[in-house]
Amino acid sequence: MRLSRIIMALTVGMAVLAAPTAAGAAQPQPAPGTGTPQPPVYPPGGTPTLAVSPPTVVVGQTADLIGSGWAPGETVIITVSTSPLAAAVPGADQARRSNGEMVAMAPVSFQRAPQPSPRTLTVTADGLGNFRTTYTPRHPGTYTFRAEGQTFHRVATATLTVLKKHAPPLPVTGDSLSTPMKFGGGLVGAGAVLLLLSLVWRKRHRLGMGAAR
């Protein structure tokens, strides 16, 4: 009987000694160098987004990149990639294969090549997790923007369609009109002179025939 009581007392004592250790392990651990426990860090609520406005521009026109839902003060790196325009997009060059299929052509120029468009952008979200920056494409194509936050590594994407810039038609000026008008007037004058000479010749010819009779 005494032995069972001794065993029970030892079991209770060991349980009491182990309880503080388990309670201390369950609490947040203090940050290094401080005595204050730090709560776990979670991403802010919501899903980060990236939008392009307007979604379609021509070469040289500026578009706005608008982000929301990021962590306040978070650094966001935007990577830019491009691909040729699809054949169905207005402003894209097309070519016909031997089988009759129409395909898109990448623009090729033998003149001075334009400067390449920026490949990366770095922005910082404001206190509400928003940012706004601009981008100016230098050649046509489909642009894909991939934004990645550097704090929680969340990602958002958006696309931009860039069309070729067509040269405007040349204006019609007074000088360009005067040249064909002068030429036409000269033809009319020459025709009138020839008609007059023909009438005079016919009249003289008739008089000559009458005198001969």
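1. Glu74 lies in the loop that joins strand E3 (63-68) to strand E4 (75-83); strands (E, at least two residues) and helices (H or I, at least four) are DSSP runs numbered from the N terminus. The model is predicted: local features need pLDDT of at least 70 and side-chain atom pairs pLDDT 80 or more, while totals for chains, interfaces and linings use all residues. Residues are numbered from 1 along each chain as its sequence is written, and side-chain values use heavy atoms, without hydrogens and water.

2. Glu74 is buried (under 20% relative accessible area with a 1.4 Å probe, protein chains only). Beyond four places in sequence, the contacts of Glu74 include Val123, Thr124, Phe152 and Arg154; contact means heavy atoms within 4.5 Å.

3. An open, antiparallel sheet is formed by three strands in the order E1-E3-E8; two strands pair if DSSP finds at least two bridges between them. Strand E1 (49-53) and strand E8 (131-135) are the edge strands, each pairing on one side only. E1 and E3 are joined antiparallel over five bridges, and Ala51 stands opposite Ile66 in E3.

4. The mean pLDDT of the chain is 74, with 48% of residues at 70 or more; pLDDT is the predictor's confidence in each residue, from 0 to 100. pLDDT stays under 50 over residues 20-26 and over residues 106-114. Where pLDDT is low, the predicted coordinates should not be read in detail.

Definitions and conventions
Buried < 20%, exposed > 50% of the residue type's maximum accessible area, 1.4 Å probe, protein only. Lys, Arg positive; Asp, Glu negative; His and termini not counted. Salt bridge = Lys/Arg side-chain N within 4 Å of Asp/Glu carboxyl O.
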